[in-house]
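Me: Please take a close look at the open space in this structure, and then at what surrounds the ligand. A plain account will do.

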Amino acid sequence: MSERVPLIAGNWKMNLTPDEGRAWCDGFKARLATPPERVEIAVCPPFTALEAVVSSLVGYPAWVGSQTIHSQASGAHTGEISAEMVLATGAVGTILGHSERREAGETDEMVATRVRRALDAGLRVILCVGERLEQREAGETDAHVRAQVAAALARVDRGESQRIDIAYEPIWAIGTGRTATPEIAQETCAVVRDAASAHVDGGVIRVLYGGSVNDQNAAELLSQADIDGALVGGASLDVEKFAAIVEAA
Ligand code: PGA
């Protein structure tokens, strides 16, 4: 068991209004009044529910993050949200480079710029990397995730190792119910850690697994040496399942 405290982070994606977010928090706090000590919990709602979720979780040991930020602090960027705006809601982190955003056009360079921007503004980062099914089948997984990690961390300092977590999320496992086996997840999380070590402290940085994590498979995934937590999509919307994943950690 490493010294790294596991992180269980929920990515709500485009789900839950402020009222629904508040109800989720009330339910979660009732279900897990005293969370296990050696586990960190984070919740990443849509921008519109950030403030509601932050205020619902005051006094509860969980932090709140957004699902992306823009690369500029302000300006003529219709529809975008800056790191400063996220911070002003009381949120302290952000997911960056999620595959659903990369598929909508976010490049490695854009992800790298946003990572730097988030850290400069004072947000912590959950950076997502992962391969498509064709890439895994072609034996390109390691090279692909190494390139994603190298690009995203190019402007990050070793001293910032504790402010970044990396989530390895094979695209073929996201929202499909098709989880990577613990062996595959472990193997690629180790590659991610090794690639990250060129830029940050590999012993400090947390590598999470994401992709159809649920209350049934969490314990086995989380018992792997290089898996320091989980980024949970679908199952994070269900208070009971998310609480069970936290307990599994
Ligand atoms: P999933 O999503 O748990 O629904 O597969 C994970 C993610 O995309 O972060």
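Reply: The largest pocket holds about 310 Å³ of space. It is lined by 14 residues, and those closest to its centre are K13, M14, Q67, T68 and R101. Sorted by class, this lining consists of six nonpolar, five polar and three charged residues. The model is a predicted one, and the totals for linings use all residues.

K13 also belongs to the surroundings of the ligand. There, 13 residues form the shell, with K13, H98, E169, G175 and S212 as the closest. The shell divides into four nonpolar, seven polar and two charged residues.

For K13, a polar side-chain atom lies 2.7 Å from an oxygen atom of the ligand. For E169, the side chain places an N or O atom 2.7 Å from an oxygen atom of the ligand.

The structure holds one cavity of 30 Å³ or more, and the largest cavity has about 40 Å³ of space. Its lining is made up of G97, S99, R102, C128, V129, G130, Q148, E169 and I174. By class, the cavity lining has three nonpolar, four polar and two charged residues.

A last point concerns the aromatic rings. The count of aromatic pairs comes to six. One of them joins F28 and F242, with 5.6 Å from centre to centre and 45 degrees between the planes, and is classed as tilted. This pair links distant parts of the chain, since F28 sits in helix α1 (residues 18-31) and F242 in helix α10 (residues 239-248), 214 residues apart.

To return to the request: K13 is among the residues closest to the centre of the largest pocket, and a polar side-chain atom of K13 lies 2.7 Å from a ligand oxygen atom.

Terms used: Residues are numbered from 1 along each chain as its sequence is written. This is a predicted model: local features need pLDDT of at least 70, side-chain atom pairs count only at pLDDT 80 or more; totals for chains, interfaces and linings use all residues. Side-chain values use heavy atoms; hydrogens and water are left out. A residue is near a molecule or strand if one of its heavy atoms lies within 4 Å of it. A polar contact is a pair of N or O atoms within 3.5 Å; within protein, one must be able to donate a hydrogen and the other to accept it, and residues adjacent in sequence count only if both atoms are side-chain atoms. Ala, Val, Leu, Ile, Met, Phe, Trp, Tyr, Cys and Pro count as nonpolar, Asp, Glu, Lys and Arg as charged, and the others, Gly among them, as polar. On a 1 Å grid over the protein atoms alone, a cavity is a set of points where a 1.4 Å probe fits but cannot get out, and a pocket is an open set with protein on both sides within 12 Å along at least five of seven lines; lining residues have an atom within 4 Å of a point. Grid points are joined across faces, edges and corners, and a volume is the space filled by probe spheres set on the points. Rings of Phe, Tyr and Trp (its six-membered ring) pair if their centres lie within 6.5 Å; planes under 30 degrees apart count as stacked, over 60 as edge-to-face and the rest as tilted. Helices (H or I, at least four residues) and strands (E, at least two) are DSSP runs, numbered from the N terminus.
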